[in-house]
Amino acid sequence: MDNPFERYDLDPREGVSAITERLKALAEEARDEAERARIREAWEELTLHPARRLRAALFAHPETRGPLGAPPSFPRRRPAPLDAPAIGLELRDLAARPSVLEALGVAAPTDDDDVPPLEDDPVLRGPP
């Protein structure tokens, strides 16, 4: 679909009067009658048929790039260096830990079970 907003560099957010002014200026600068007829058809499409204007505006692709030579609008985030201090949470704090008792096939201890606490085992504690 040939979009008149894109073809004639019109802003879809502007109203009928701005569309009329821009297309009138283009029609005055047109080289031949065929080009004026195409501009007139676009004007009728965008001003006399609100549903068609809305559809064309929704399918118009706005310019999202900044002007040439302008700095970026927001700075890019840089990843934190690997030796930067953690913000309180580490991966081991977020990862789900498997249950040692389930891996050994032992049911979860209750108050009346006589299972020694595994937190005191030096092998399971990990490096100091």
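User: How much accessible surface does the protein have, and what share belongs to carbon and sulfur atoms?
Analyst: The accessible surface comes to about 11600 Å². Carbon and sulfur atoms account for 56% of that. Keep in mind that this is a predicted model.

User: And how many of the residues are buried?
Analyst: Buried residues make up 12% of the 128 in the protein.

User: What's the fold made of, helices or strands?
Analyst: Helices. There are 7 of them and 0 strands. The order from the N terminus is α-α-α-α-α-α-α.

User: What share of the contacts join residues at least 24 apart?
Analyst: The figure is 47%, taken among contacts between residues at least 6 apart in sequence.

User: Core next. Which residues are in the largest nonpolar core?
Analyst: It has 12 residues: F5, Y8, L10, I19, L23, L26, A30, I39, A42, L46, A56 and A60. As a general point, nonpolar side chains in soluble globular proteins tend to be buried together.

User: Take A42. What is it in contact with, leaving aside neighbours within four places?
Analyst: P4, R7, Y8 and L23. Y8 and L23 are listed in the core too.

User: Now the start of the chain. Where does N3 lie, and is it buried or exposed?
Analyst: N3 lies in the segment before α1. It counts as buried, at 4% relative accessibility.

User: What else does N3 touch, not counting residues up to four places away?
Analyst: N3 touches A56, F59 and A60. A56 and A60 are also core residues. F59 sits in helix α4 (residues 50-59).

User: F59 again: which nonpolar patch is it part of?
Analyst: F59 forms a surface patch with L54 and L58. Together they have about 350 Å² of accessible area.

User: Switching to charges. How many salt bridges are there?
Analyst: The structure holds 5.

User: Start with D2. What does its side chain meet in a salt bridge?
Analyst: R7, with N to O at 2.6 Å. D2 counts as exposed, at 52% relative accessibility. R7 counts as partly exposed, at 36%. R7 is also one of the residues in contact with A42.

User: Which residues are linked in a network of salt bridges?
Analyst: E33, R36 and R40. Within it, R40 bridges to E33, and their closest N and O atoms are 3.4 Å apart. R40 is partly exposed, with a relative accessible area of 42%.

User: What about R52? Which side chain does it meet?
Analyst: E45, in a salt bridge of 3.6 Å, N to O. R52 is partly exposed, with a relative accessible area of 36%. E45 counts as partly exposed as well, at 28%.

User: Let's do T47. Where is it found, and is it buried or exposed?
Analyst: T47 is found in helix α3. At 13% relative accessibility, it counts as buried.

User: Which backbone oxygen lies by a polar atom of the T47 side chain?
Analyst: The one of W43, at 2.5 Å.

User: And its contacts, not counting residues up to four places away?
Analyst: T47 touches V16, I19, T20 and R53. I19 is also in the core.

User: How far is L48 from V16?
Analyst: Their C-alpha atoms are separated by 9.1 Å. Along the chain, L48 and V16 are 32 residues apart.

User: Last one. What is the phi of D9?
Analyst: It is positive, about 55°, although D9 is not a glycine. Most residues other than glycine have a negative phi.

User: Where does D9 lie, and is it buried or exposed?
Analyst: D9 lies in the loop between α1 (4-7) and α2 (16-29). It is exposed, with a relative accessible area of 62%.

Note on methods. Residues numbered from 1 in each chain as written. Predicted model: local features only at pLDDT ≥ 70, side-chain atom pairs only at ≥ 80, totals over all residues. Heavy atoms only, no water. Helix = DSSP H or I, 4+ residues; strand = E, 2+ residues; numbered from the N terminus. Buried < 20%, exposed > 50% of the residue type's maximum accessible area, 1.4 Å probe, protein only. Contact = heavy atoms within 4.5 Å. Areas by Shrake-Rupley, 256 points an atom, 1.4 Å probe, with all protein chains shown as cover. Core = buried A, V, L, I, M, F, W, Y, C linked by side-chain atoms within 4.5 Å. Patch = residues over 30% accessible without salt bridge, like charges linked within 9 Å, V, L, I, M, F, W, Y side chains within 5 Å. Salt bridge = Lys/Arg side-chain N within 4 Å of Asp/Glu carboxyl O. Polar contact = N/O pair within 3.5 Å; in protein donor to acceptor, adjacent residues only side chain to side chain.
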